[in-house]
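Thanks for coming, everyone. Please have a look at the screen, and then I will walk you through it.

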Amino acid sequence: MKIIIIGAGQVGATLAENLANEDNDITVIDTDLNRLRELQDRLDIQTIQGSGSHPDVLDQAGCNDADMLIAVSNQDETNMIACQVAYTLFKTPTKIGRIRSNAYSKYPKIFADTALPMDVRISPEKEVTKHLSRLIRYPGALQVMEFAEGKVQLVVVKAEKGGPLIDRPISFLREHMPSIQTRIAAIYRNGQSIKPDGNTHIHANDEVFFLAAQRDVLDVMSELRPLDTPYRRIIIAGGGNIGERLAQSLEKEYRVKIIERDPERCRYLSENLDNTIVLNGDASKQELLLEENIESTDVFCAITNNDEANIMSSMLAKVLGVRTVMTIINNPAYVDIVQEGMIDIAISPQHTTISSLLTYIRRGDVVNVHTMRKGAAEALEAVAHGDYRSSRVVGRSIANINLPEGATIGAIVRGDEVILATGEVVIQAEDHVIIFVSNKKQIPAVEQLFQVGLSFF
């Protein structure tokens, strides 16, 4: 595909890297020449300095024959005008824009073809909020991904001593919990992927990826590690867009406090949140954290725009006795360093956002994509179309589907029914098929499986 990306910030740069590695024709537009040079030094892409909303810059980038425009600059207005120009002058088929402000998102009519045409709107803040909310609802999980509108979840946990499945074969899970349907999709041991079967033993410290219906997730987690008690008290450091959204999503079920340095923002938050305590102060101050009983707090979420402030306040909160620390880190170089230390979960907004973007870029009818392990692995939900003649999957049992190496079908959603994958299951038209791919280089081969031949039409 020929794709134009506007914005060479963290999201745009990460997206360019992901797509360039998949043999797409990528052009990145940004006003910052230094950012563009950095990208061009390490990626085989074209770069253009200028404003992505200017018609002449888009023309220079080849917008007239581009398949897709992805506007992810830090300015909503630039992204909106870029999509408008691409639609009006160049008839670009697909236009995706990043919209950060709730003030725009509240009025979807703005983005109609007769106004500011945008086929897909993405919000990194919204995606990160959903990611954090799921982690809080499943204590002990490292990542929680939803498929088929939440009917199925792919959960990542680190196996720990005390879990009944530790040092036992995976087949023991079916004997021990016969009423629970689950599928272990992948295991990473010492950083290496292991394709699991019934005889594979789970060891302590294994990173285990399992699929289960939403109602069964906690039961399966309890087999892999001692189950943590539910979270109740949450402190959010940072009252920006993500802090506000996160508090709104949690305040009905949890005791939530926000610590924010800006008095004006505190006033706004106190007027717009119903059951959240808003504190004006610095989350890196020991006295404030002790006053707010940090030692009896379950989760400390550091989500300011400053990586260093997030890391320092998180480490302080951990030293003072908070149970779990979740920290947003924009600089990829920091993520591995801090996650090996006192920070329990480091979250990259770029990778969270990339997942939602890839849904619209993947070929075939792909309705959900989640990236994992810093983009090296992927889980996707594809809809099977066609019949036995026109499709490589419809009418075939899973055992007879020629899956590329490293790809595993984990589950099928048929209407409201969740079917955990076994070799005998036959895929039907309109099934939602959930596939785990441990090697991202195999994604094109997986996409081809779900593309329908001409006889279908």
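One term before we start: buried means under 20% relative accessible area, exposed means over 50%, and partly exposed is in between, with a 1.4 Å probe and protein chains only. Helices (H or I, at least four residues) and strands (E, at least two) are DSSP runs, numbered from the N terminus.

Take helix α9, residues 241–250. How many of its residues are buried? The count is 7 of its 10, so α9 is mostly covered. Those buried residues are Ile-242, Gly-243, Glu-244, Arg-245, Leu-246, Ala-247 and Leu-250. A general point here: an α-helix has 3.6 residues a turn, so residues three or four places apart point the same way.

Now, where this comes from. This is a predicted model, in which local features need pLDDT of at least 70, side-chain atom pairs count only at pLDDT 80 or more, and totals for chains, interfaces and linings use all residues. Residues are numbered from 1 along each chain as its sequence is written, and side-chain values use heavy atoms, with hydrogens and water left out.

Next, the whole chain. The protein chain has 15 helices and 22 strands. Its C-alpha atoms fill a box of roughly 65 × 60 × 40 Å, taken along the principal axes. What about the radius of gyration? It is taken over C-alpha atoms, and the globule rule is 2.2 Å times the number of residues to the power 0.38. For 457 residues, a compact globule would come out near 23 Å; the protein chain has 23 Å, which agrees.

Of those 457 residues, 55% count as buried. The chain exposes about 20600 Å², and carbon and sulfur atoms supply 46% of that. Areas come from the Shrake-Rupley method with a 1.4 Å probe; for residues, only the protein chains shown count as cover.

On to contacts. Contact means heavy atoms within 4.5 Å. Among contacts between residues at least 6 apart in sequence, 60% join residues at least 24 apart.

Charges next. Lys and Arg count as positive, Asp and Glu as negative; His and the chain ends are not counted. The place of a charge is NZ of Lys, CZ of Arg, CG of Asp or CD of Glu. There are 47 positive and 61 negative side chains, and the centres of the two sets lie 2 Å apart.

Let us zoom in on single residues. Ile-70 is in strand β4, residues 68–71. Is Ile-70 buried or exposed? Ile-70 counts as buried, because its relative accessibility is 0%. Leaving out residues up to four places away in sequence, Ile-70 touches Ile-3, Ile-4, Ile-5, Ile-6, Leu-15, Leu-19, Ile-96, Leu-357 and Ile-361.

Gly-12 sits in helix α1, residues 10–20. Gly-12 also has 0% relative accessibility, so it counts as buried. Beyond four places in sequence, Gly-12 touches Ile-5, Gly-7 and Val-72. From Gly-12 to Ile-29 is 17 residues in sequence and 9.5 Å in space, C-alpha to C-alpha.

Leu-43 is in the loop between α2 (33–42) and β3. With a relative accessible area of 10%, Leu-43 is buried. Past its neighbours within four places, Leu-43 is in contact with Ala-16 and Glu-17.

Ser-53 lies in the loop between β3 (46–49) and α3 (55–60). At 14% relative accessibility, Ser-53 is buried as well. Its side chain makes a polar contact of 3.0 Å with that of Ser-51. A polar contact is a pair of N or O atoms within 3.5 Å; within protein, one must be able to donate a hydrogen and the other to accept it, and residues adjacent in sequence count only if both atoms are side-chain atoms.

Lys-257 is in strand β13, residues 255–260. Its relative accessibility is 19%, so Lys-257 counts as buried. Which side chain does Lys-257 join in a polar contact of 2.9 Å? That partner is Glu-292.

Last, two asparagines. Asn-190 has a phi near 55 degrees, a positive value in a residue other than glycine. Asn-190 lies in the loop between β9 (182–189) and β10 (192–194), and is exposed at 77%. Asn-293 has a positive phi near 55 degrees too. Asn-293 is in the loop between α11 (286–291) and β15 (299–302), and is partly exposed at 38%.
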